[in-house]
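Here are a few notes to read alongside the model.

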Amino acid sequence: MSQEPETPKGTLRLGDTGAAVVELQVRLQRVWLYPRDWEADGVYDQQVEYAVKVYQWDRGLTKDGLGVYGPRTRRALEAETGRL
């Protein structure tokens, strides 16, 4: 059984911007942690960070660091929200 390497590739955190953050915001909207009436503007601000923390706390995800959208949190959220 091969193990995926732990790299920061694709890791998002407070202050990041771009299309990957838009995707994160939409995924958080799908699990009702980011209000649907807020625009997915591609800015990883304090609201996004808080939503990621709540998701991590609720799912017991601790390895990426609270508020950091790292590999484990990404895999879990993508599995839960499916294709966009």
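1. Let's begin with R59, which is partly exposed at 31% relative accessibility. In this predicted model, its side chain meets that of E80 in a salt bridge, 2.5 Å from N to O. Because E80 lies in helix α3 and R59 in helix α2, the pair ties together parts that are 21 residues apart in sequence. E80 itself counts as partly exposed, at 39% relative accessibility.

2. R59 has another partner to look at: D58, with a salt bridge of 2.8 Å from N to O. D58 is exposed, its relative accessible area being 57%. Taken together, D58, R59 and E80 are linked in a network of salt bridges.

3. How many salt bridges does the structure hold? There are four, and one of them joins the side chains of E23 and R27 at 3.0 Å, N to O.

4. D64 deserves a moment of your time. This residue sits in the loop between α2 (46-59) and α3 (71-81), and it is buried yet has no salt bridge. The nearest side chain of opposite charge is that of R72, 4.5 Å away; a salt bridge here requires a separation within 4 Å.

5. Beyond its neighbours within four places in sequence, D64 is in contact with Q56, G70, P71, R72 and T73.

6. W32 is worth a look at the backbone level. It has a positive phi of about 65° although it is not a glycine. For context, most residues other than glycine have a negative phi. W32 is placed in the loop between α1 (19-30) and α2, and it counts as exposed, with 67% relative accessibility.

7. Finally, the overall picture. The protein has three helices and zero strands, running α-α-α from the N terminus. Of its 84 residues, 35% are buried. The protein exposes about 5400 Å², with carbon and sulfur atoms supplying 51% of that area. Among contacts between residues at least 6 apart in sequence, 48% join residues at least 24 apart.

Note on methods
Residues numbered from 1 in each chain as written. Predicted model: local features only at pLDDT ≥ 70, side-chain atom pairs only at ≥ 80, totals over all residues. Heavy atoms only, no water. Helix = DSSP H or I, 4+ residues; strand = E, 2+ residues; numbered from the N terminus. Buried < 20%, exposed > 50% of the residue type's maximum accessible area, 1.4 Å probe, protein only. Lys, Arg positive; Asp, Glu negative; His and termini not counted. Contact = heavy atoms within 4.5 Å. Areas by Shrake-Rupley, 256 points an atom, 1.4 Å probe, with all protein chains shown as cover.
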